[in-house]
Amino acid sequence: MGRSASKDKRPVYLNLFKIHLPIAAVVSLAHRLSGLLMFLAMPFIVYLLDLSVQSSAGFDRVIAMLQQPLLLAVQILLVWALAHHLFAGIRFLLIDADLGVDRQAANYSAWLVIALSVLTTVIVSLGACLT
Amino acid sequence: MSLYILEGLKPWVVQRVSAVYIALFLFYSLYCGLNVEVVSYIHWRGWLFQPFNSIAFGIFVVAVLFHAWIGMRDVILDYVHDIMLRLFFLALVMGVLVGSGLWVIRILLFSMVE
């Protein structure tokens with residue numbers, strides 16, 4: 001439907017750097033992005049799961065692999081993705097249940113999702129460094 | 001009665017029901033993980049292949065596969081408009097999900113007995 005409707009002559013202006021996105025839209029976009037990231041990581045995670053339960057040596061290899069600097073960065077990104085997806089998902093479920101629908105509450109909860117996911121990422125990263 | 005009754009609503013419901021299960025399983029795993037004293041091969045296997053946990057994990061994997069399919073499908077339908085490209089990406093996503101799912105079934109069935 002979008003295609004046929006766009007045949008009229010109205011100008012389309014979709015420069016994301018010049019459109020001021022409301023914070024709820026940022027949360028929604030990041031929800032999609034974080035889901036995509038976790039989807040891309042899925043085969044690799046299944047591979048690690050397989051290796052980790054096959055043998056004691058495999059388990060040790062997984063632990064060693066996860067300590068490589070590049071994979072540490074990927075893990076931090078995936079922790080953020082999971083945290084954001086989870087918190088934003090809970091927010092969407094609450095909005096589906098008619099909780100926090102008005103603009104002020106929705107703005108507040110959107111900022112809360114961003115803050116909680118960043119906080120979770122920092123706590124998990126620091127926790128992993130300390131152990 | 002049509003077989004396709006609720007057809008439009010079904011993915012919406014599946015997405016939310018799977019989301020709730022995924023969240024509950026993650027909180028349960030987090031709770032177990034935080035109460036662990038030693039991280040070892042024996043403990044890890046013991047946790048995963050304990051009957052309750054392996055079944056809960058199996059359901060979690062099924063929930064993730066459905067959740068990821070609906071989510072990726074929505075994203076592809078929103079951003080990819082060329083019909084052949086759309087088919088290509090949908091098939092690619094389906095391939096990755098089915099492959100991952102079969103792989104996990106293989107892990108759960110064949111790694112359980114050493």
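Two residues are in contact if their C-beta atoms, placed from the backbone, lie within 7 Å. Good morning. The model I present is predicted: local features need pLDDT of at least 70, side-chain atom pairs count only at pLDDT 80 or more, and totals for chains, interfaces and linings use all residues. Residues are numbered from 1 along each chain as its sequence is written, and chains are lettered from A and ligands numbered from 1 in the order in which they are written.

I begin with the contact between the chains. Chain B gives 18 residues to the contact and chain A gives 19. On the side of chain B that touches chain A, α4(B) supplies the largest share, five residues. That side divides into 12 nonpolar, four polar and two charged residues; here Ala, Val, Leu, Ile, Met, Phe, Trp, Tyr, Cys and Pro count as nonpolar, Asp, Glu, Lys and Arg as charged, and the others, Gly among them, as polar.

Helix α2 (residues 23-54) of chain A packs with α4(B) at an angle of about 10°, their axes 10 Å apart. Helices are DSSP runs (H or I, at least four residues), numbered from the N terminus. Axes are lines fitted to C-alpha atoms over the stretch in contact, and angles run from 0 to 180 degrees between N-to-C directions. α2(A) and α4(B) are therefore roughly parallel, the term for angles under 35 degrees. Among the residues in this contact are Met42(A) and Leu49(A) of α2(A), and Trp103(B) and Ile107(B) of α4(B). By class, nine residues of this contact are nonpolar, one is polar and one is charged.

How values were computed
Helix = DSSP H or I, 4+ residues; strand = E, 2+ residues; numbered from the N terminus. Parallel < 35°, antiparallel > 145°, perpendicular 65-115°, else oblique.
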